[in-house]
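Subject: Structure handover

Hello,

Here is the structure for your files. My notes on it follow below.

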Amino acid sequence: MYRSHTCGELRTPDIGTRVILSGWVQKVRDKGFVVWVDLRDRYGITQLVFDEQRTTATLLAEARKLGREFVIQVHGEVIERTSKNPQLSTGDIEILVSEIKILNPALLPPFTIEDDTDGGTDLRMKYRYLDIRRNPIKNNLIFRSKVAMEVRKYLSEQGFIEVETPYLIKSTPEGARDFVVPSRMNQGQFYALPQSPQTFKQLLMVGGLDKYFQIVKCFRDEDLRADRQPEFTQIDCEMAFVEQEDVLNAFEGLTRHLLKEIRGIEVEKFPRMTYDEAMKTYGNDKPDIRFEMRFGELNAVSQHRDFQIFNAAELVAGIAVPGGASLTRKEIDHLTDWLRRPQIGAKGMVYVRCNEDGSYKSSVDKFYDQEDLKKWAEATNAQTGDLICVLSGDTMSTRTQLSALRMEMAERLGLRNPLVFAPLWVIDFPLLEKDEETGDYHAMHHPFTSPKPGQLELLDTDPDAVRANAYDLVLNGNEIGGGSIRIHDKKMQSTMFRHLGFTEEEARAQFGFLMDAFQYGAPPHGGIAFGLDRLVAILGGQETIRDFIAFPKNNSGRDVMIDAPAPIDKAQLKELNLRLENNEG
Ligand code: ASP
């Protein structure tokens, strides 16, 4: 038997008990006549004591030889501590050790295994197994397990069944590049790793399973932005005989369950906002509604004077920053510089201070009078003491820039409290998205998303106007889930593929199986997928999803611990009938 108790378990009532503990040496403190050792495992830390009066000289000498992270087993008696440690759950007791066994010595770890470590990210990732011993990461993984468990519990109770779908498949278009896997048995042919189980879950509906879910890995070979992983986990779901309303209700239920069970928070019915409304009021299809600063569109009240910059703009819009009137000229200049950085790309910013006496002072007083500025204040819902920040230009860029400013100001004002949760549904997304470079249209969600009833005809005349039965769940400015009601009819699916630029043959070659299935009695169906990594991080009140993944990849898609990706040897290449260009192989 390695242990009778864990290192987080013993308390005052256990005093006098003989115990066996196993764990890692966190710390050794040698005071000469007495040696204390902190012994750690997943459950906590228990203090071991060796002293000249009660311990043999040999044992004391052995204790002195212990190094950090040695794995040891001790036998001993639980005794009361003279100086108690209220910070520690086991802080009232210690173990008077009578026997010690080194199960495995350890090299000196490259960083300290403490809550606040001295290890930088690269080092922590290279030695992730040591990082996982630290409370912040360990607790995150335990938290993640709890969230996953609650998901399974809730969905099973609602009649969903968990079905696994294959990883070695053919491309599924979710808008990213596929990771491909060469087939040895079928030379010259490749599998693709699923960007999501999209087509399979639809086929499960054709198969009559009615309510499916799966906590599943998805793979997308995208250029990695901060905090994006090439492999990530989805809570993937699909339901048959449902309309949008049914899906929204089911997954609002799941989200509410998680907020309640995990965070103890009850939320009102989630607000809903159309995509158009979200873009107009927040400049963003995943608005953070924990705070106001809604956009006011100012074209009507700003384009009647001689201010050419506004007159030439497609959109003039502003936000009222609470309390911002107190910003100094220099601070406002800094803000303007911040907006002008290439990452944001604004040309400049017009501002209006809403003074305490009810008057306005703007950077464009030459062009606008108090009456004009009052109208701007009304449109942006500005109060005295606020600063109205106004941007202008083409609609899309102005919205994006103003949204960035809104988020930045909220951050500076401390309005993005991670422990406040503000979910909402964004609905009625456009069906298609235009690639500005090529002019081609892509599915905004994916090609299996159905247009709103009666809008199919618009595809030919006004593709930008077609709205989809597609929805996103947004939480604190993050898209945590997205889905749609699907096309379940072969003819409509073919029309869709045609509009997305697939020839009949291409569509057949890639998705023939799905269109065939649609001819054998496909029920109306729809679904959604939540990004589990991000959901867990948000529920955990944190930003970095990497800290909630046991073995994450870095920003170049590398696992620096196992050093992957890596070349494969010649024999393997040969077996796969592959040859590398510019390579001896
Ligand atoms: N497959 C979609 C995605 O991964 C989700 C869905 O439509 O259910 O975003």
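Which atom of the ligand does a polar side-chain atom of Gln198 lie 2.7 Å from? It is a nitrogen atom. That pair is a polar contact, meaning a pair of N or O atoms within 3.5 Å; within protein, one must be able to donate a hydrogen and the other to accept it, and residues adjacent in sequence count only if both atoms are side-chain atoms.

Before the rest, two notes on the source. This is a predicted model, in which local features need pLDDT of at least 70 and side-chain atom pairs count only at pLDDT 80 or more, while totals for chains, interfaces and linings use all residues. Residues are numbered from 1 along each chain as its sequence is written, and side-chain values use heavy atoms, with hydrogens and water left out.

The ligand is surrounded by 14 residues, each with a heavy atom within 4 Å of it. The closest are Glu174, Gln198, Lys201, His446 and Arg486. By type, the shell has two nonpolar, eight polar and four charged residues; Ala, Val, Leu, Ile, Met, Phe, Trp, Tyr, Cys and Pro count as nonpolar, Asp, Glu, Lys and Arg as charged, and the others, Gly among them, as polar. Two or more shell residues come from each of α5 (198–206), β21 (478–485) and β22 (525–531), and β22 gives the largest share, three residues.

Chain and helix α10

The protein chain has 17 helices and 22 strands. These are DSSP runs numbered from the N terminus: helices are H or I with at least four residues, strands E with at least two. Of the 585 residues, 48% are buried (under 20% relative accessible area; exposed is over 50%, partly exposed in between; 1.4 Å probe, protein chains only).

In helix α10 the buried residues are Ile332, Leu335, Thr336, Trp338 and Leu339. They sit on the same side of α10, because they cover an arc of only 155° around the axis, taken from the directions from the helix axis to the C-beta atoms.

Pro567

Pro567 lies in the loop between α16 (532–539) and α17 (570–575). Its relative accessibility is 79%, so Pro567 counts as exposed.

Regards
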